[in-house]
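Subject: Structure handover

Hi,

Here is the structure for you to look over. My notes on it follow below.

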2 protein chains.
Amino acid sequence: MTGSTRPSEDDLIARWLRPLATDPAALQLGDDCACLTPPPGHDLVLKTDTVAAGVHFFRDDPWDLVARKALRVNLSDLAAKGARPLGYLMSLALPADWREDDLAAFARGLGEDQAIWPVSLFGGDTIRSPNGLVVTITALGAVPTGRMVRRAAARAGDRLYVSGTLGDAALGLELRLHPESAETWGLDAAARAHLARRYLLPEPRLALAPALLAHARAAMDLSDGLGIDLERMCRGSGVGAEIDATALPLSQAAAAVLAVEGTRLAAVVGGGDDYEILAAVDPAEASAFEAAAAAAGVPVAAIGRVLPGAGDVRLLRADGTAAPPTGGFRHF
Amino acid sequence: MTGSTRPSEDDLIARWLRPLATDPAALQLGDDCACLTPPPGHDLVLKTDTVAAGVHFFRDDPWDLVARKALRVNLSDLAAKGARPLGYLMSLALPADWREDDLAAFARGLGEDQAIWPVSLFGGDTIRSPNGLVVTITALGAVPTGRMVRRAAARAGDRLYVSGTLGDAALGLELRLHPESAETWGLDAAARAHLARRYLLPEPRLALAPALLAHARAAMDLSDGLGIDLERMCRGSGVGAEIDATALPLSQAAAAVLAVEGTRLAAVVGGGDDYEILAAVDPAEASAFEAAAAAAGVPVAAIGRVLPGAGDVRLLRADGTAAPPTGGFRHF
């Protein structure tokens with residue numbers, strides 16, 4: 001369609017968004033608000049996150065993947081809190097030149113994720129964007145009352161675990177910005193595709209949520225990099241931590257990069273967009289946690305331990321030296 | 001501060017946003033998610049709305065008023081649903097050139113509104129904006145289970161009411177774009193200030209929520225203009241409506257404009273940003289509704305009635321002719 005026959009906002013909602021509003025709480029997007037009857041005996045876990053063209057994704061990224069990323073970065077937080085996701089509200093800011101097939105892809109991407117995780121669109125807002133696609137999603141999940149897994153609850157002596165592998169997304173972004181690095185690193189097509197995919201499409205660890213709820217003392221998802229996020233957990237908890245660089249879990253692709261260029265450890269410790277889970281687990285719960293994670297099909301790796309000294313967060317390198325995992329400061 | 005000493009995101013949150021996170025559900029913004037224990041016996045009413053520089057406000061508008069507008073457009077929806085507001089999540093996209101005093105004003109504006117209505121910031125996200133300030137707020141309110149006042153529930157025979165006065169914000173916007181209109185319309189300083197204020201800062205009708213909950217059959221807030229919004233209520237309800245142009249409530253300022261330029265009735269019927277309430281009330285409840293509104297200090301005016309014929313929505317003009325209140329179609 002041309003701009004002059006562009007569908008109205010009501011038409012757009014009816015055609016592409018209403019099919020995503022599968023829960024009765026959404027009232028088929030036919031009201032000003034959603035109306036959610038909270039699950040009895042549960043707290044609601046609430047998170048909002050925005051992704052914007054040119055900031056969190058490239059302007060030429062496919063809209064189905066942008067939509068899924070926008071949803072998944074929020075689901076990742078719910079997973080870390082031990083929550084079962086219920087649904088989401090979405091504010092969609094469309095650039096002036098949006099095309100119907102882009103929007104169809106956007107809705108298809110959300111539908112594909114809703115088929116994986118049983119969430120519903122609850123409601124939203126659609127506006128013109130002054131500059132590129134911007135998607136804000138507010139996700140709601142449920143945990144048994146008083147049981148949300150906190151970030152600021154780690155205790156000295158706890159073991160530190162991370163799910164999956166670290167650094168892939170940061171290396172995927174690096175490859176996107178500097179495709180010639182693939183040659184330097186000697187990566188084959190499969191390795192390149194793995195890293196690219198990990199940047200484009202996070203894998204929220206919702207399968208790990210029950211294990212966290214049952215066995216973790218503290219947890220958070222890793223969005224800004226292990227170093228910064230671990231410092232946040234420690235600062236909130238009034239503790240320190242020591243992590244072992246040689247224990248950080250790597251994909252084959254990331255291991256290949258580090259074998260060629262060891263300084264890329266910075267991407268593993270400091271790179272963002274991992275969307276893996278960092279958890280502090282009482283040693284008495286460690287084997288039960290590991291078993292529950294294995295049963296859920298989510299790999300977890302023990303990477304270090306929580307220390308008593310507030311603010312003392314260090315990375316033990318392979319050569320035996322120790323350093324803060326970050327500069328301890330971040331502009332945004 | 002200069003760009004190079006710009007505070008980190010964590011510092012920004014601690015300094016300006018944490019003081020707004022007054023409810024325990026916010027966990028002092030020290031976790032990845034908020035954790036809300038829903039009020040027993042209640043449904044949660046959920047709404048998300050975005051305001052963007054250059055789309056919903058002017059780039060030189062004061063940030064305290066932008067913040068309050070962003071919050072209030074959401075509170076207005078909760079009011080229409082008969083809900084008691086609990087709190088909100090906020091995604092704040094800051095332009096590259098944001099200044100600390102702007103952000104201080106932004107937080108001060110929210111704090112002023114939180115002093116009027118007892119809501120808390122629950123959580124949020126802060127990002128760089130590619131182009132100007134963008135604020136997305138997701139508001140949560142509570143209504144007794146099953147009692148949310150619906151939009152699509154009007155019935156033939158219901159009386160139609162609106163709160164406050166209509167068209168002021170649209171005329172305020174017109175004055176902002178064409179200040180010379182004030183001369184044409186013969187407006188004094190007080191009238192100009194009234195219209196300008198009504199555009200800048202909506203007044204969510206939360207005081208009317210209990211009267212709506214007790215007595216309204218259907219309700220919605222007016223954000224896109226009475227004509228479009230009434231058509232939406234009627235379409236959802238499978239009914240029609242007739243409204244009387246001479247019954248539409250006007251401020252002194254708007255009445256003065258219409259006395260000079262009668263075609264400005266279009267701003268009253270079709271102008272956006274009223275943030276008043278449109279309610280359909282069973283005639284048997286009408287006097288109780290009017291009494292409850294009066295007791296709450298919110299003026300309401302009877303403007304017409306709901307008709308049986310689906311899709312038959314008409315505005316009766318002073319000269320006795322009738323027409324659809326809108327073209328029935330809206331680009332965005």
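Two strands pair if DSSP finds at least two bridges between them. Helices (H or I, at least four residues) and strands (E, at least two) are DSSP runs, numbered from the N terminus.

Some conventions before the findings. This is a predicted model: local features need pLDDT of at least 70, side-chain atom pairs count only at pLDDT 80 or more, and totals for chains, interfaces and linings use all residues. Residues are numbered from 1 along each chain as its sequence is written, chains are lettered from A and ligands numbered from 1 in the order in which they are written, and side-chain values use heavy atoms, with hydrogens and water left out.

**Strand S6 of chain A**

S6(A) covers residues 159–163. Strand S10 of chain A (residues 300–307) pairs with S6(A) in the antiparallel sense, over five bridges. Here A:Val162 stands opposite A:Ala301. Strand S9 of chain A (residues 277–281) also pairs with S6(A) in the antiparallel sense, over four bridges. A:Val281 in S9(A) is the bridge partner of A:Arg159. Four of the five residues of S6(A) are buried, so the strand is largely enclosed by the rest of the structure. Buried means under 20% relative accessible area, exposed over 50%, partly exposed in between (1.4 Å probe, protein chains only).

**A:Pro7**

A:Pro7 sits in the segment before helix H1 (9–17) of chain A. Its relative accessibility is 12%, so A:Pro7 counts as buried. A:Glu100 is 93 residues away along the chain, yet the two C-alpha atoms are separated by 9.1 Å.

**Helices H4 and H6 of chain B**

The axes of H4(B) (residues 168–177) and H6(B) (residues 189–200) come within 7 Å and cross at roughly 105°. Axes are lines fitted to C-alpha atoms, for helices over the stretch in contact, and angles run from 0 to 180 degrees between N-to-C directions. H4(B) is therefore roughly perpendicular to H6(B) (65 to 115 degrees). The contact (heavy atoms within 4.5 Å) includes B:Leu171 and B:Leu175 from H4(B), and B:Leu195 and B:Tyr199 from H6(B).

**The two copies**

How does chain A superpose on chain B, and by what rotation? A rotation of 180° with 0.0 Å of shift along its axis does it, at RMSD 0.0 Å.

Best regards

Key
Parallel < 35°, antiparallel > 145°, perpendicular 65-115°, else oblique. Least-squares fit on C-alpha atoms with pLDDT ≥ 70 in both.
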